[in-house]
Amino acid sequence: MNRLFKRNYCKIVKDNYRECAPPKFKFFKDTIFNLSSGVGKSGVAIVRVSGPDSKLVLKELTKKSNIEPKERLATLSTFYHPKTNEQVDKGIFVWFPSPNSFTGEDVVEFHIHGGRAVISETLDAISSVDGTRPSEQGEFTRRAFENGKMDLTQIEGLSDLLDASTSYQKKIALKQMQGSIGQFYFSLRKDLIRASAYMEAFIDFGDDAEIDNETVEQSKRSIIAIRDKIQAHLDDGRRGERLRDGASIAIVGPPNSGKSSLINLLSNRKASIVSPIAGTTRDIVEVTLDIGGYPVVIGDTAGLRLSTNDIIEKEGIEMAKDRFNQSDIKLFLFDSNQLFNLDNNSNDNELENLLNFIDNETIIIFNKFDLIKNSSQDKWSQLKSNILEKIKTKNNLTNVQSIEISCNENIKIKELISLLKLNLSNMFEMNDQESPLLTRARYKQHLTECVESLDRYLYYCDEDIVIASEELRRALLSISAITHPVDLNDLLDVIFRDFCIGK
Ligand SMILES: Nc1nc2c(ncn2[C@@H]2O[C@H](COP(=O)(O)OP(=O)(O)OP(=O)(O)O)[C@@H](O)[C@H]2O)c(=O)[nH]1
Ligand SMILES: [Mg+2]
């Protein structure tokens with residue numbers, strides 16, 4: 001590196017260098033408070049106070065003006081109303097001095113009895129201390145963000161954690177809240193900054209510096225690798241979407257095979273009408289369930305009777321087909337007894353057509369297995385393997401999953417649920433180690449923009465390095481917007497680290 005280059009660029013670095021550190025503390029003036037535990041009667045309630053006057057609140061409520069609370073240790077105390085001096089409650093307080101608190105500010109938590117009067121008197125007692133006010137919605141978390149305690153993805157993870165209704169949703173939200181996805185994007189961003197920093201240096205000092213074309217090529221190679229990594233993350237097979245909306249499961253099959261009976265059994269309630277009349281279900285009946293910790297939406301559909309002339313039934317069948325095609329897992333129900341009694345010689349077109357539906361995501365369920373007599377088991381086994389073999393050959397499948405159950409006699413329902421869990425865990429947990437789940441449309445949008453910019457960069461980089469470099473900046477902006485607003489001077493930070501220090 002020649003001296004002129006070094007001097008110039010160190011000057012620019014000095015002029016523009018900004019520490020890539022969390023935002024500076026905001027030092028909000030007012031102290032906020034509110035009930036942090038759920039609303040309503042409870043054993044214990046937690047009231048949280050955050051801000052510069054938190055210690056004053058503690059002094060006033062404990063009536064100990066020279067209290068030196070122990071850090072992050074539960075302390076038993078009596079609490080009083082500062083104006084009336086009446087006892088409000090006896091409970092516990094925990095003192096979290098800045099910066100080691102949720103918001104980064106001084107925080108005190110009051111763990112009090114969870115009765116309505118205790119809670120309202122405690123809130124009133126705190127509000128009587130000068131400089132305090134009730135918090136607005138999400139204000140504690142907002143302060144945590146503004147004070148650099150959490151990035152945006154962690155905050156979104158926290159919100160998902162509070163909304164999680166199944167254990168898998170909880171697991172992913174918890175990971176995200178602890179920074180998994182933020183770190184992943186942050187490391188992509190760092191790689192991108194590093195790769196683009198060389199380009200920046202080349203543009204600014206290309207004539208004087210000893211940065212040759214090989215440097216540009218190297219930077220290009222790294223950028224292609226980053227682009228591919230982001231694209232792979234984007235192609236997550238809708239796992240993130242499924243996590244939020246639930247995996248879609250369709251129950252389909254011929255009329256009267258027991259589809260509605262199955263949805264009722266799985267959801268443990270009478271969600272769909274069951275009757276011996278073929279063609280009972282016309283619309284799609286959906287229930288949201290937690291199967292093995294995974295969120296799912298199961299849809300009961302109209303029986304597939306392809307030869308029907310009934311207009312309403314036809315409409316229902318079209319809806320059933322759509323639901324089938326859009327579902328992640330398809331449960332195709334047959335009435336075993338009906339199959340068993342089919343005349344071997346008859347060329348059943350209806351059945352042949354139904355078999356065409358079955359694909360790799362289908363689990364074939366032979367329901368009403370209670371009706372197959374013990375003495376007919378061998379014959380049934382033979383018939384079943386013929387059908388399965390036929391389906392494999394017909395639809396070119398390597399494997400078909402199947403199970404015999406009885407909804408009415410509760411035969412092998414547990415096994416069916418285990419099979420569903422297995423399919424769901426394969427679907428949700430694949431590649432879990434490789435990259436975190438793409439949990440929000442917002443991330444998808446920024447990442448797509450990022451890939452588009454990188455593609456434009458790759459298109460222009462051999463022709464016009466200035467335009468190409470602009471695309472790199474855009475790509476960086478897109479990815480940074482996921483966790484934090486961008487500071488393009490970060491580029492200079494990298495140049496500073498890689499070239500200047502120690503040289
Ligand atoms: N023996 C026996 N009967 C069953 C079983 N499951 C369902 N049934 C009966 O089969 C009949 C049809 O059940 P549904 O659940 O309404 O069948 P479906 O597939 O929803 O029928 P459609 O809505 O008309 O397509 C009812 O009389 C049920 O009681 C089973 O495992 N064994
Ligand atoms: Mg039905």
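How far is an oxygen atom of ligand 1 from an N or O atom in the side chain of S406? The separation is 3.1 Å. Taken alone, ligand 1 exposes 650 Å², and the protein buries 90% of that (areas come from the Shrake-Rupley method with a 1.4 Å probe; for residues, only the protein chains shown count as cover).

A few ground rules before going on. This is a predicted model, where local features need pLDDT of at least 70 and side-chain atom pairs count only at pLDDT 80 or more, while totals for chains, interfaces and linings use all residues. Residues are numbered from 1 along each chain as its sequence is written, chains are lettered from A and ligands numbered from 1 in the order in which they are written, and side-chain values use heavy atoms, with hydrogens and water left out.

## Around ligand 1

The shell around ligand 1 holds 23 residues, and K259, S260, S261, G279 and T280 come nearest (a residue is near a molecule or strand if one of its heavy atoms lies within 4 Å of it). By type, that shell splits into 7 nonpolar, 13 polar and 3 charged residues. Here Ala, Val, Leu, Ile, Met, Phe, Trp, Tyr, Cys and Pro count as nonpolar, Asp, Glu, Lys and Arg as charged, and the others, Gly among them, as polar. Helix α10 (residues 259-267) gives the largest share of the shell, with 3 residues. Helices (H or I, at least four residues) and strands (E, at least two) are DSSP runs, numbered from the N terminus.

| Residue | Part of the residue | Distance to an oxygen atom of ligand 1 |
|---|---|---|
| N256 | polar backbone atom | 3.0 Å |
| S260 | polar side-chain atom | 2.8 Å |
| S406 | N or O atom in the side chain | 3.1 Å |

## The magnesium ion

S260 turns up again at the metal. The magnesium ion (ligand 2) has S260 (OG) and T281 (OG1) as its protein donors, 2.0 to 2.1 Å away. S260 sits in helix α10 and T281 in the loop between α10 and β8 (285-291), so the pair ties together parts 21 residues apart in sequence. Donors are N, O and S atoms within 2.8 Å of the metal (3.2 Å for Na, K and Ca), and water is not among the atoms, so sites may look incomplete. Both S260 and T281 are buried (buried means under 20% relative accessible area, exposed over 50%, partly exposed in between, with a 1.4 Å probe and protein chains only).

## The chain as a whole

Zooming out, the protein chain has 18 helices and 12 strands. Of its 503 residues, 48% count as buried. The chain exposes about 25,700 Å², with carbon and sulfur atoms supplying 49% of it. Among contacts with a separation of 6 or more, 69% are between residues 24 or more positions apart (contact means heavy atoms within 4.5 Å).

What does A195 contact beyond its neighbours within four places in sequence? The list is S219, S222, I223 and I226. A195 belongs to helix α7 (residues 180-205) and is buried, at a relative accessible area of 4%. Its C-alpha atom is 8.9 Å from that of R221, 26 residues away along the chain.

T141, in helix α4 (residues 139-146), is buried too, with a relative accessible area of 18%. Leaving out residues up to four places away in sequence, T141 touches F102, M150, I155 and L158.

E109 is in strand β5 and counts as buried at 13% relative accessibility. Its side chain makes a polar contact of 3.1 Å with the side chain of H111. Not counting residues up to four places away in sequence, E109 touches I46, V47, R48, I92, F93, V94 and F96.

The peptide bond from S98 to P99 is cis, with omega near 5°, and P99 is in the loop between β4 (87-96) and β5 (107-114).

Which way does phi point at K63, positive or negative? It is positive, near 60°, in a residue other than glycine. K63 lies in the loop between α2 (54-62) and β3 (75-80) and is partly exposed, at 46% relative accessible area.

N396 is not a glycine either, yet has a positive phi of about 60°. N396 is in the loop between α14 (377-395) and β12 (401-404), and counts as exposed at 71% relative accessibility.

Technical notes:
A polar contact is a pair of N or O atoms within 3.5 Å; within protein, one must be able to donate a hydrogen and the other to accept it, and residues adjacent in sequence count only if both atoms are side-chain atoms.
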